[in-house]
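Hi there,

Here is the structure I promised to pass on. Have a look at it first, and then read my notes below.

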Amino acid sequence: MLLRSQVSEAIDEHIDMTPMVDVVFQLMTFMLFSMQIGGGDSLSIPPARHGVGVDENEAVFLTILPARNPADRPRIQIGTVNPESVDIDRACRAVSDGVAKGLSRVVLLADGQVPHGEMLGIISEITKRESGATIHIGVKDPE
């Protein structure tokens, strides 16, 4: 049986959460300031060890350049010697013509400023219209 003085002591007991909340906020602040935010400026890609180059006489080369205006689609050029700027329809026709001539490989040489989603869209259009084409992403050997 509890006495009256014991009951009042039990009611007055509580846990002070203020120090724990302070410590949690200090930890969150430390984590926030110790993180490196950004870091997307430079990307180190390891060299290809198992890839084999594609001969220029065995493939259709498409160079993808960034759009001049952000609202436009990227520019596409056919060839490597005297590139001709074309739209996606003409590029797909060039790939179909190349496949008809036995050039089943398509090498996409993209500028670093071209968004990845745009590249995927171009690849999708090419493979949708010409199923016999094999897509290769062109890389340049370090100099």
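First, the ground rules. This is a predicted model, in which local features need pLDDT of at least 70 and side-chain atom pairs count only at pLDDT 80 or more, while totals for chains, interfaces and linings use all residues. Residues are numbered from 1 along each chain as its sequence is written, and side-chain values use heavy atoms, with hydrogens and water left out.

**Overall layout**

The protein has 4 helices and 5 strands, which follow the order α-α-β-β-β-α-β-α-β from the N terminus. Helices (H or I, at least four residues) and strands (E, at least two) are DSSP runs, numbered from the N terminus. Of the 143 residues, 20% are buried. Here buried means under 20% relative accessible area, exposed means over 50%, and partly exposed is in between (1.4 Å probe, protein chains only). The accessible surface comes to about 11,400 Å², with 56% of that belonging to carbon and sulfur atoms; areas are from the Shrake-Rupley method with a 1.4 Å probe, and for residues only the protein chains shown count as cover. Among contacts with a separation of 6 or more, 60% are between residues 24 or more positions apart, where contact means heavy atoms within 4.5 Å.

**The core**

In soluble globular proteins, nonpolar side chains tend to be buried together. In this model the largest nonpolar core has 19 residues, and Leu62, Ile64, Ile76, Val95, Leu108 and Ile126 touch the most other members. By a nonpolar core I mean a set of buried Ala, Val, Leu, Ile, Met, Phe, Trp, Tyr and Cys residues joined through side-chain atoms within 4.5 Å. Two or more residues come from each of β1 (59–65), β2 (75–78), α3 (88–100), β4 (105–110) and α4 (116–129). Helix α3 gives the most to this core, with 5 residues.

Not counting residues up to four places away in sequence, Ile64 touches Pro74, Arg75, Ile76, Leu108, Leu109, Ala110, Asp111, Val114, Met119 and Ile122.

**Salt bridges**

The count comes to 4 salt bridges, each one a side-chain nitrogen of Lys or Arg within 4 Å of a carboxyl oxygen of Asp or Glu.

One of them joins the side chains of Glu118 and Arg73, at 3.9 Å from N to O. This pair links distant parts of the chain, with Glu118 in helix α4 and Arg73 in the loop between β1 and β2, 45 residues apart. Glu118 is partly exposed, as its relative accessible area is 26%, and Arg73 is also partly exposed, at 47%.

Another pairs Arg129 with Asp89, whose closest N and O atoms are 2.7 Å apart. Here helix α4 (Arg129) is linked to helix α3 (Asp89), across 40 residues of the chain. Arg129 counts as partly exposed at 40% relative accessibility, and so does Asp89 at 33%.

Within helix α4, Glu125 and Lys128 are 3 residues apart, about one turn of the helix, and they form a salt bridge with closest N and O atoms 3.2 Å apart. What is the accessibility of each partner? Glu125 counts as buried at 18%, whereas Lys128 counts as exposed at 60%. Salt bridges that share partners join Asp89, Glu125, Lys128 and Arg129 into one network. Leaving aside neighbours within four places in sequence, Glu125 is in contact with Ile88 and Cys92.

**A loop residue**

Gly132 lies in the loop between α4 and β5 (134–137) and is partly exposed, at 35% relative accessibility. The C-alpha atoms of Gly132 and Ser104 are separated by 6.3 Å, although the two residues are 28 apart along the chain. Beyond four places in sequence, Gly132 touches Val99 and Ser104.

**A nonpolar surface patch**

Finally, Ile15, Met17, Met20, Val21, Val24, Phe25 and Met28 form a nonpolar patch on the surface, with about 700 Å² of accessible area together. Patches are made of residues with over 30% relative accessible area and no salt bridge, joining like charges within 9 Å and nonpolar side chains (Val, Leu, Ile, Met, Phe, Trp, Tyr) within 5 Å. One of the members, Met20, is found in helix α2 (residues 18–34) and counts as partly exposed at 48% relative accessibility.
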